[in-house]
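Hello,

Here is the structure I promised to pass on. Please have a look at it first, and then read my notes below.

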Amino acid sequence: MTKVRVQDATKELSQGVEKLLGDVSRSRTAAMGLFQSLRKQGDDIERKQREQKELQEREARQQQYEQAASFMTAYSTEDVPEPAAEVPKQQPVKVQEPQPVKAPASQPVVVEPKPVEKPVVV
């Protein structure tokens, strides 16, 4: 009789282990699904924060450009005169080439050689 009890105990243990293994597998699957869901939500939050930061940076740059543009135009538009209704076209000015100066032919040009100094040897 003890042999029958050992087989029954082994069979009950095997069924318990199978049930426990199935429960662990289902728990693991559920945990992995939950983990994936949390990861996706975390990535979404991170992406939204990044987009919000980029938007704020773009708005700040745009505001700086507008401030710089308004600063520059504030000074430049006050000094600009209003354009005349019709501006007359200017005629191109003719430039006369200078005439070369000629030396009188009656006087010859004389070039005198300069005296060369000799070094003194002591």
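Arg50 and Glu46 sit four residues apart in helix 1, so about one helical turn separates them. Their side chains form a salt bridge, with 4.0 Å from N to O; by salt bridge I mean a side-chain nitrogen of Lys or Arg within 4 Å of a carboxyl oxygen of Asp or Glu. Arg50 is partly exposed at 45% relative accessibility, and Glu46 is partly exposed as well, at 46%. For these classes, buried means under 20% relative accessible area, exposed means over 50%, and partly exposed is what lies in between (1.4 Å probe, protein chains only).

A word on where this comes from: the model is predicted, so local features need pLDDT of at least 70 and side-chain atom pairs count only at pLDDT 80 or more, while totals for chains, interfaces and linings use all residues. Residues are numbered from 1 along each chain as its sequence is written, and side-chain values use heavy atoms, with hydrogens and water left out.

Now back to the pairs. In general, side chains of opposite charge can pair when their charged atoms come close. The structure holds four salt bridges. One of them links Asp44 to Arg47, where the closest N and O atoms are 3.9 Å apart. These two residues are three apart in helix 1, which spans residues 2-79, and that puts about one helical turn between them. Asp44 has a relative accessible area of 30%, which makes it partly exposed, and Arg47 is also partly exposed, at 33%.

Arg47 has another partner: its side chain meets that of Glu51 in a salt bridge of 3.2 Å, N to O. Arg47 and Glu51 are four residues apart in helix 1, so they too are separated by about one helical turn. Glu51 is partly exposed, with 41% relative accessibility. Through shared partners, the salt bridges join Asp44, Arg47 and Glu51 into one network.

As for the chain as a whole, the protein chain has one helix and zero strands; both are DSSP runs numbered from the N terminus, with helices being H or I of at least four residues and strands being E of at least two. Of its 122 residues, 0% count as buried. The protein chain exposes about 13400 Å², and carbon and sulfur atoms supply 58% of that. The areas come from the Shrake-Rupley method with a 1.4 Å probe, and for residues only the protein chains shown count as cover.

Best wishes
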